[in-house]
Amino acid sequence: MAAFVTAYGIVWLAVMLYVVRLGTRQRRLSRSYQLLQCRLEEGQNTHEADADAA
Amino acid sequence: MATADAKPPKSGFLLSGSVLTLLLAAILALCLFAPTEETMGDAQRIVYVHVAVAWLGLLGLLTMAAAGAMYLARRDLSWDQWAQSAAELGWLCCGLTLATGSLWAHEAWGTWWTWDPRLTTAFILWTIYSGYLILRTHLEEPHRRARLAAVLAIVGAIDLPPVVMATRWFRGIHPMSPEMEPSMRLVLLLTVVDLSAVFGILLVRRRAQLRIESLLVLLEQQIHT
């Protein structure tokens, strides 16, 4: 019984760790996306302000 | 537009939920429906998950080699993303095959490890996966990395026939195809299908992440230029 429980515990733990790792990467990607979007918008605003000034 | 394509999906809860449900279904099936084997008792139930992860370890290498070949034919990096996600999952499944097999071996043969042909070829498969993933981390340029990784994946696929046929080609102690009751076969089939679904979900999800990562890199380059 101990071997059976250990085997399934290992498989369960490994899959769950992989899912958690996927989630962590997903959050990191979302943050990078938001940062890039902010930078793009800032760039666009600067460009528009320059065009208005000109 | 590239920014819209790069937006990461927010379905982490759905992913965890579906994976958790499938894993629970597999464990319930083999606890409730699979009869207890007379000689080995409950330890025999390891076979269900061991066979399933072993199959997925082989499927990972097959996917990795096929995606590698597609990259070499088309020079499209999306195939390399499929290969990488298959390699990561294949490495995990191959490692789990060795771990669960070792636990089963200790119960059945009284030893954690022996250099049986099937075990040895499975261990070689795991080192191929490890080498592939290490190679990827040491190469920066995406196309060079994809090309070399594809070649290694195709060469690595040579190990597939020996792993599958090891019990027939060589004399060893690993069982060839153990006799099972119909209910045991059904549970085994269910577990294999169930864990294959988990593999498929994670493969698609990881590939989507890799695609978004590459799009974000492109966007960053566009901003800098």
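What share of the 225 residues of chain B count as buried? The figure is 36%. A residue is called buried if 20 or more other C-beta atoms lie within 10 Å of its own, exposed if 12 or fewer, and partly exposed in between, with C-beta atoms placed from the backbone. In chain A, 17% of the 54 residues count as buried.

The model is predicted: local features need pLDDT of at least 70, side-chain atom pairs count only at pLDDT 80 or more, and totals for chains, interfaces and linings use all residues. Residues are numbered from 1 along each chain as its sequence is written, while chains are lettered from A and ligands numbered from 1 in the order in which they are written.

Chain A holds 1 helix and 0 strands. Helices (H or I, at least four residues) and strands (E, at least two) are DSSP runs, numbered from the N terminus. The C-alpha atoms of chain A fill a box of roughly 80 × 5 × 5 Å along the principal axes. The radius of gyration of chain A is 23 Å, whereas a compact globule of 54 residues would have one near 10 Å. That radius is taken over C-alpha atoms, and the globule rule is 2.2 Å times the number of residues to the power 0.38.

Chain B contains 8 helices and 0 strands. Its pattern along the sequence reads α-α-α-α-α-α-α-α. The C-alpha trace of chain B spans about 70 × 40 × 25 Å along its principal axes. Contacts in chain B were examined by sequence separation. Two residues are in contact if their C-beta atoms, placed from the backbone, lie within 7 Å. Among contacts between residues at least 6 apart in sequence, 80% join residues at least 24 apart.

The two chains meet through 34 residues of chain B and 26 residues of chain A. On chain B, at least two residues of the touching side come from each of α1 (2-6), α2 (12-32), α3 (46-74), α4 (77-108) and α8 (182-224). The largest share, 11 residues, belongs to α8(B). By class, this side of chain B has 20 nonpolar, 6 polar and 8 charged residues. Ala, Val, Leu, Ile, Met, Phe, Trp, Tyr, Cys and Pro count as nonpolar, Asp, Glu, Lys and Arg as charged, and the others, Gly among them, as polar.

Two helix pairs of chain B were then considered. Two packed helices are described by the angle between their axes and the distance between the axes. Axes are lines fitted to C-alpha atoms, for helices over the stretch in contact, and angles run from 0 to 180 degrees between N-to-C directions. The axes of α3(B) and α4(B) come within 7 Å and cross at roughly 155°. The two helices are therefore roughly antiparallel. Angles under 35 degrees count as roughly parallel, over 145 as roughly antiparallel, 65 to 115 as roughly perpendicular and the rest as oblique. The crossing of α3(B) and α4(B) is left-handed. A crossing is left-handed if the near helix is turned anticlockwise from the far one by less than a right angle, and right-handed if clockwise. Residues of the α3(B)–α4(B) contact divide into 22 nonpolar, 9 polar and 2 charged.

B:R75 lies in the loop between α3 and α4 of chain B. B:R75 is not a glycine, yet has a positive phi of about 55°. B:R75 is exposed, because 12 other C-beta atoms lie within 10 Å.

B:H50 sits in helix α3 of chain B. B:H50 counts as buried, with 22 C-beta neighbours inside 10 Å. Leaving aside neighbours within four places in sequence, B:H50 contacts B:T97, B:T100, B:G101 and B:W104. B:V192 is 142 residues from B:H50 along the chain, and their C-alpha atoms are separated by 9.5 Å.

The second pair joins α5 (residues 117-137) and α7 (residues 160-169) of chain B, whose axes come within 8 Å and cross at roughly 175°. That angle makes α5(B) roughly antiparallel to α7(B). On α5(B), the contact uses B:P117, B:R118, B:T121, B:A122 and B:L125; on α7(B), B:P162, B:V163, B:A166 and B:T167. These residues divide into 6 nonpolar, 2 polar and 1 charged.

B:L119 is also found in helix α5 of chain B. With 20 C-beta neighbours inside 10 Å, B:L119 counts as buried. B:L119 touches B:G101, B:W113, B:T114 and B:H174, not counting residues up to four places away in sequence.
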